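Me: I am new to this structure and would like to learn how its terms are used. Could you take my questions one by one?

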Amino acid sequence: MTPRRPTAVPSRAPACVGRDAGASAGARASARGRGLATAMCEHSQAIARSLGYKAMQFNFVASSNEAAIKLWNKLGFASVGRLPKAFNHPARGYVDALVLYKWLET
Ligand SMILES: CC(C)(COP(=O)(O)OP(=O)(O)OC[C@H]1O[C@@H](n2cnc3c(N)ncnc32)[C@H](O)[C@@H]1OP(=O)(O)O)[C@@H](O)C(=O)NCCC(=O)NCCS
């Protein structure tokens, strides 16, 4: 039987399925702006590469989440898809969600 690939690696790091590794990250409000999400994302990419994944994506990033989009863009993730009005923001109502994607091989 073929060994199963991990479906999850350390907390807040990628859940890995198929060719792409999916990512999610968050930093406690009191700890933001100190590079934690950057470190988690870069660590996740290193793990994904070491496991043979070719690409990584954030499946669902609310378009209202300017901080996250700016950060993921800075780390090389490009917007490749948009789900119209997919997220019901508590203050802004329905906003689009983005798929952000990065090819990991250099
Ligand atoms: C988005 C988030 C993960 C950033 O975490 P962090 O540890 O503060 O981020 P870092 O310190 O590693 O990176 C800072 C960079 O993030 C971006 N950023 C962070 N806060 C920002 C803000 N309020 N507005 C714009 N950009 C912001 C900037 O690119 C910033 O770099 P700069 O200061 O050079 O411009 C954090 O705000 C968070 O946990 N938010 C709630 C959960 C969430 O939205 N997760 C992402 C789901 S896709």
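Me: Which helix gives the largest share of the shell around the ligand?
Reply: That is H2, with 6 residues of the shell. Helices here are DSSP runs of H or I with at least four residues, strands are runs of E with at least two, and both are numbered from the N terminus. Please keep in mind that this is a predicted model, where local features need pLDDT of at least 70, side-chain atom pairs count only at pLDDT 80 or more, and totals for chains, interfaces and linings use all residues. Residues are numbered from 1 along each chain as its sequence is written.

Me: How many residues surround the ligand, and which are the closest?
Reply: There are 20, and the closest are Ala 27, Arg 32, Ala 37, Thr 38 and Ala 67. H1, S3 and H2 (66-74) each supply at least two residues of this shell.

Me: What makes a shell residue nonpolar, polar or charged?
Reply: Ala, Val, Leu, Ile, Met, Phe, Trp, Tyr, Cys and Pro count as nonpolar, Asp, Glu, Lys and Arg as charged, and the others, Gly among them, as polar. Sorted this way, the shell has 9 nonpolar, 6 polar and 5 charged residues.

Me: Why is Gly 76 called partly exposed?
Reply: Gly 76 has 15 other C-beta atoms within 10 Å. A residue is buried with 20 or more, exposed with 12 or fewer, and partly exposed in between, the C-beta atoms being placed from the backbone. So Gly 76 counts as partly exposed. This glycine lies in the loop between H2 and S4.

Me: Why does Lys 85 count as exposed?
Reply: Because Lys 85 has 11 C-beta neighbours inside 10 Å, it counts as exposed. Lys 85 is found in strand S4, and its phi is near 50°, a positive value in a residue other than glycine. Most residues other than glycine have a negative phi.

Me: How do you know that the length of H1 agrees with its number of residues?
Reply: The expected span is 1.5 Å times one less than the number of residues. For the 15 residues of H1 that gives 21 Å, and the end C-alpha atoms are 21 Å apart, so the two agree.

Me: Which residues of H1 are buried, and what puts them on the same side?
Reply: The buried ones are Ala 37, Met 40, Cys 41, Ser 44, Gln 45 and Ala 48. They cover an arc of only 135° around the axis, so they lie on the same side of H1; the arc is that of the directions from the helix axis to the C-beta atoms. On the other side of H1, Ala 39, Ala 46 and Ser 50 are exposed.

Me: What makes a set of residues a nonpolar core?
Reply: Its members are buried Ala, Val, Leu, Ile, Met, Phe, Trp, Tyr and Cys residues joined through C-beta atoms within 7 Å. The largest core here has 15 residues, and Cys 41, Phe 58 and Leu 100 are among those with the most contacts inside it. H1 gives the most to this core, with 4 residues.

Me: How do you know that S4 and S5 pair?
Reply: Two strands pair if DSSP finds at least two bridges between them. S4 and S5 are joined by 8 bridges and run antiparallel, and they form a hairpin with 3 residues between them.

How values were computed. Near = placed C-beta within 6 Å.
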